[in-house]
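Colleague: I'm new to reading protein models. Could you show me how to look at charged pairs?

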Amino acid sequence: MDDSSDGGATAGGTKKKPSAAAAKGKATGKGKATSKAAPKAKESSLLKQKSPAEFFAENKNIAGFDNPGKSLYTTMRELVENALDSAESISELPDIEITIEEITKSKFNTMIGLVDRERVDEALYDDFESSKAREKRLAKEARFQETQAKNAALGKKVKDTPAARGKGRGEASFFRVTCKDNGRGMPHEDIPNMFGRVLSGTKYGLRQTRGKFGLGAKMALIWSKMSTGLPIDIKSSMKGQDYITFCRLDIDIHKNVPHIHLHEKRENNDHWHGAEIQVIIEGNWTTHRSRILHYMRQMAVITPYAQFLFRFLSDAAEKNLTIKFTRRTDVMPPVPLLTKHHPSAVDLLLIKRLITDTTKPNLLQFLQHEFVNISKAHADRLIGEMGPDFSAKTTVNSLTSQQLVRIHQLFRQAKFDDPSGNCLSPAGEYNLRLGIIKELHPDLVATHASSPQVFEGHPFIVEAGVSIGGKDVKQ
């Protein structure tokens, strides 16, 4: 405790006697201890609640939106993985087109109806260079050139001219990211909530998917709203539909609800099915170009049954880029099956939720039908082990909190067969090997896939590939 506080305690816990000087200061109003009243604390503080969208907008780094460069990379990645999940869910060989189009500041201003304005007060800007600073910079560059000329004459190594470094962040760069797939598509009426409500999604079941939390595409929309203020465009059609849904929306961050600009049905003359998502965001292609291309190549390695067309478009023709990752096989991973919870992988809260949601009236049927690997005979043995307060006909709604804890404890200690692993969707050794050969052209390749293993009731499969040598591989 701080000894300087009034009547502070010593280490032994006894109060110190105030000195005469301190006492005098109090009496006369002199010194630090004056007669001014301390400001009163507010009697009650207002309790506030954040929506999920507001939380992730304020903590966007959690979802991989740390800065413009990483936000561009994460947006592209989330859209690609959603597209793959969508095609694989209907056993359709994925055909995915990704376009990143650079938008200049002038073009962006035209899009939002903002007139470009020339600078009036140059010194107001962060990149302003005074005449003195300019002279100093030019002198430094001249000395550097002189040194380089001497080194060249002596046969020494010549360095590249150092790039000029700006003080500030510089002008923002904007990009239109478009991802088109041939997947399942989305129901017309569900699209606003699928994109405009954080933590809502279709992938909450117990099976392996790339997406899980209902966050990725929504974070791209939140980043778009934060960096450009522009809405997201969605086109979608399901198999057999004679119309295409077009939806333009943004998100109300504070209420976590979609704000719909346009939601209509259009003709589907080509009988296309899938989704096309277009979002305009602030980004940085220069810093994350290699990372984005590396990601696309990695995806081509582990999904040789998918075809990717990647394009980067810019007003500067020399920056344009088109890469096609071709399909090499029609063999797709098995579609993961929806499974039930393994008893050794549940917690107390989940048991309570399963009891609330179950349609089975008694404990015996509940154990048999809500969990994997519990047969009728096994359920009878478990109930017998729980004690005299339990029976096969005990209604699940009548279970007390103490009884639920007893069930949870038994689940943690009892022996159960391992889950089958059919809720997983492994790439398979064939695909892994083919993908490595297709993209890397190695001198030697080795692959391995383990049989399904279990950790605390959760199945997993380890797949690995190692290659040596090959095209465009650094030593």
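Colleague: Is Lys-239 buried or exposed?

Modeller: Lys-239 is exposed, because its relative accessible area is 54%; buried means under 20%, exposed over 50% and partly exposed in between, with a 1.4 Å probe and protein chains only. This is a predicted model, where local features need pLDDT of at least 70, side-chain atom pairs count only at pLDDT 80 or more, and totals for chains, interfaces and linings use all residues. Residues are numbered from 1 along each chain as its sequence is written, and side-chain values use heavy atoms, leaving out hydrogens and water.

Colleague: Which side chain meets Lys-239 in a salt bridge?

Modeller: Here is the general idea: side chains of opposite charge can pair when their charged atoms come close. The rule asks for a side-chain nitrogen of Lys or Arg within 4 Å of a carboxyl oxygen of Asp or Glu. In this model, Glu-92 pairs with Lys-239 at 3.3 Å, N to O. Glu-92 sits in the loop between α3 (68-88) and β1 (95-103) and Lys-239 in the loop between β3 (232-237) and β4 (243-252), so the pair ties together parts 147 residues apart in sequence. Glu-92 is partly exposed, at 22%.

Colleague: How many residues apart in helix α5 are Glu-141 and Arg-137?

Modeller: They are four residues apart, so about one helical turn separates them; helices are DSSP runs (H or I, at least four residues) and strands are too (E, at least two), numbered from the N terminus. Their side chains form a salt bridge at 3.1 Å, N to O. Glu-129 joins Arg-137 and Glu-141 in a network of salt bridges.
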